[in-house]
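Subject: Structure for your review

Dear colleague,

Please find below the structure that I am handing over to you. I would be grateful if you would read the notes that follow with the structure open beside you.

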Amino acid sequence: MLRKYQFTLPGELASFLFEFTGKEIPEMREKRRILYSRFNILFMIVFLLFSILILRLGKIQIVKGEEYREESEKTNQTVYSWNTPRGKIYDRNGTVLVENEPIYTLTYADPAGSTQQEKLELAKKLAGMISVDTKNMTERDKKDYWILTRKDKAYAKLSSTEQANLDDNEEYDLILERITDKELKEITGEEMEVLAIKKEMDTDSSSAKRLKSGLTTEERAVLNENLGKLPGVEVKVDSQRDYIYGDTLRQLFGKVGRIPEEEADTYEENGYDLNDLVGTSFLEQYYEKWLQGEKEKTTYIKDGTGEISEVKVDPGESGKDLILTIDLNLQQEAEKIIVEELKKDNGAKSAYVVVTNPKTGEILAIAGKKEMEKDIQDEAYGALYNSYAMGSTVKGATVLTGYETGVISPGDTFLDAPIKLSGTPLKKSYVNMGRINELTALERSSNVYMFHIAMKIGDYDYGARSGFEDPEESYDTFRKYFAQFGLGVETGIDLPTEATGYDGGVQKLGNLMDFAIGQFDTYTPLQLVQYVSTIANDGNRVQPHLMKEIREPNHESGQSGEVLEQFKTNVLNTVDMDLSYIKRVQEGFRLVMNGSHGTAASHFKGAAYHPAGKTGTAQVLDEDGGYNYNLTLVGYAPYEDPEVAISVVVPDVENDTSTINKAIGKRILDAYFDKD
């Protein structure tokens with residue numbers, strides 16, 4: 001029986017037989033089938049891959065095209081911003097008080113890919129062309145500069161073990177610790193200028209960085225000749241505030257400067273750049289959002305090689321104009337009067353005045369002057385931040401507190417005679433007045449009448465010499481009612497901060513009696529004018545304010561344009577007492593200036609504008625252990641329909657017979673009513 005053998009022919013032989021016979025043997029057919037199958041599979045894979053690629057490209061171009069186009073543009077353009085001129089400040093009659101003066105500023109914007117060493121070399125070049133202030137350089141600034149310029153000496157401070165085991169930050173911190181004061185003294189004066197410039201160049205900022213503002217003519221000339229060799233450097237037109245009337249109100253306008261370091265986060269959250277110039281105090285700070293304007297933006301568009309192919313400039317928009325409630329003529333007159341009266345009175349060294357509309361809270365004038373080094377200088381902010389014992393001017397609030405607490409009623413009388421309390425100096429008025437009611441007590445400024453109100457509020461029986469069991473409640477009662485007039489609390493003025501005076505706490509009965517005559521807690525001149533305005537305004541305490549309007553600037557005419565915002569009269573509170581009580585005190589204030597025994601009648605009686613008000617004298621310790629006197633005045637006019645209120649404070653006067661407070665008040669009210 002024969003076995004069947006199967007033979008597998010080599011590939012070359014199979015091909016030869018196929019060509020020779022024209023017939024395909026089985027082995028060839030099988031291999032061809034396998035090969036075709038593999039080609040089919042490969043084709044399908046390639047087809048699927050191409051399909052996926054086409055779909056992906058379609059999505060990128062059609063669905064995501066706009067998004068990727070924007071992203072591509074973003075990564076190829078750099079935007080630098082620059083402050084536009086701030087809004088101007090005007091008085092209520094349209095007189096420009098603060099405008100902008102053009103200056104030249106040296107700026108720097110980081111070129112793409114610039115290194116620290118390149119910045120250092122640039123700073124060295126600039127230091128040879130301009131002079132800069134170096135007084136604000138910190139020890140850390142100097143150490144960073146020392147390391148950058150003395151790398152070999154810096155890293156020699158590390159051992160080989162430390163260099164092997166520490167990361168870069170740890171190495172740097174350790175070098176900082178080991179730099180000595182002697183090594184820092186190696187930094188020369190010329191290097192300090194390089195350091196100051198380099199520090200500004202390193203500021204984390206998306207705006208052009210100010211390396212120096214206020215370039216001199218010589219500096220500009222040198223810089224302009226060399227700008228082509230100074231990458232990223234430009235000379236730009238900038239602006240600084242120009243105060244048209246010198247020191248008049250300058251303190252209250254505030255300052256413009258760099259963002260304070262401690263407020264950087266807040267400003268950044270509100271869209272500011274750390275290199276922006278902003279209002280840093282008073283009105284410039286409070287109305288920053290209006291005065292700032294919209295920044296100029298310069299966009300540098302780069303091509304694929306990194307070269308700048310296009311520059312786009314958005315000019316931005318200058319800030320809005322701030323119209324104040326101030327009457328410049330009255331303001332200047334008030335300042336002149338204060339200076340003249342201080343020169344007349346050798347015992348007076350300073351004085352403060354606030355003039356308002358009691359119904360609207362508009363501040364018409366706010367002034368302060370102080371003698372320093374034999375020269376009388378401006379101190380307008382003293383009207384907001386300096387607080388004093390105001391003396392008898394607060395007696396209107398004392399009488400009204402007495403009414404409201406029920407310890408007195410209109411017409412009640414007390415005997416004005418010296419009061420003796422155990423452990424307390426004799427307490428009396430400047431003259432014994434006999435039995436008087438509250439109107440006479442206001443007209444003649446009786447201390448004793450107010451002492452009796454205080455004792456009753458303290459539940460003290462003077463006849464029995466007993467009581468005053470709850471001192472805290474007594475002081476709280478007084479302060480509660482005084483606060484309704486603005487005494488001892490914020491007035492609400494539209495400025496970043498204001499003082500509220502000194503709260504003397506809770507002490508003896510004698511101190512409570514002093515409180516009632518204005519010789520315990522202290523108040524500011526602004527609080528004092530709000531207090532008298534509240535009485536003049538039938539018990540409505542109105543927020544004082546300096547802003548009248550915000551307007552769109554009109555660049556064609558140079559004047560302000562469309563009104564964007566107005567300050568509306570804001571009644572903070574209405575005094576919680578019967579209107580008849582307030583009318584009674586208004587009558588007492590009228591007698592002060594017009595009555596036969598009025599303490600201000602010598603100056604105001606017969607004035608055509610029918611004033612009302614109250615004078616005050618507070619005894620205060622001087623530097624030698626003796627006494628000086630705070631002389632004060634509050635008033636309003638006309639009595640029947642008030643349109644102006646005033647407070648005058650002349651602290652630390654050497655002689656209590658001085659009438660400087662009355663003279664200043666009379667002359668300013670005369671000026672106000674003579675303005676037409």
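The notes below describe the core, the sheet and the aromatic rings.

Please bear in mind throughout that this is a predicted model.

The nonpolar core

In soluble globular proteins, nonpolar side chains tend to be buried together. Here, the largest nonpolar core has 85 residues. The members that touch the most others are Phe 253, Ile 366, Met 450, Ile 453, Phe 478, Tyr 531 and Phe 589. Helix α20, which spans residues 447-457, gives the most to this core, with 8 residues.

Strands of a sheet pair through backbone hydrogen bonds, either parallel or antiparallel. In this model, 6 strands make an open sheet with antiparallel pairing, in the order β13-β12-β11-β26-β25-β24. At the edges are β13 (375-378) and β24 (612-621), each of which pairs on one side only. From one strand to the next, the twist averages 15°. Strand β11 (residues 350-356) is joined to strand β26 (residues 644-653) by 5 bridges in the antiparallel sense. To see one of the positions involved, please look at Tyr 352, whose bridge partner in β26 is Val 649.

Helix α16 (residues 328-344) touches β11, β12 (363-372) and β13, and its direction makes about 30° with that of β12. Helix α23 (residues 525-536) touches β11, β12, β25 (627-637) and β26, and its direction makes about 140° with that of β26.

The aromatic rings

How many aromatic pairs does the count come to? The total is 14. Tyr 267 and Tyr 272 form an edge-to-face pair, at 5.1 Å centre to centre and with 90° between the planes; both residues are buried. Phe 478 and Phe 482 are also paired edge-to-face, at 5.9 Å centre to centre and with 85° between the planes. These two phenylalanines lie in helix α21 (residues 471-484), 4 residues apart, about one turn of the helix, and both are buried. Ring pairs link Phe 478 and Phe 482 with Phe 515 into a cluster.

Finally, the charged end of Arg 220 sits over the ring of Tyr 104, 3.7 Å from its centre. The charged end of Lys 236 sits over the ring of Trp 82, 5.4 Å from its centre.

With kind regards

Note on methods:
Residues numbered from 1 in each chain as written. Predicted model: local features only at pLDDT ≥ 70, side-chain atom pairs only at ≥ 80, totals over all residues. Heavy atoms only, no water. Core = buried A, V, L, I, M, F, W, Y, C linked by side-chain atoms within 4.5 Å. Buried < 20%, exposed > 50% of the residue type's maximum accessible area, 1.4 Å probe, protein only. Pairing = 2+ DSSP bridges. Axes fitted to C-alpha atoms, helices over the stretch in contact; angles between N-to-C directions. Contact = heavy atoms within 4.5 Å. Phe/Tyr/Trp six-rings, centres within 6.5 Å; stacked < 30°, edge-to-face > 60°. Lys NZ or Arg CZ within 6 Å of the ring centre and 35° of its normal.
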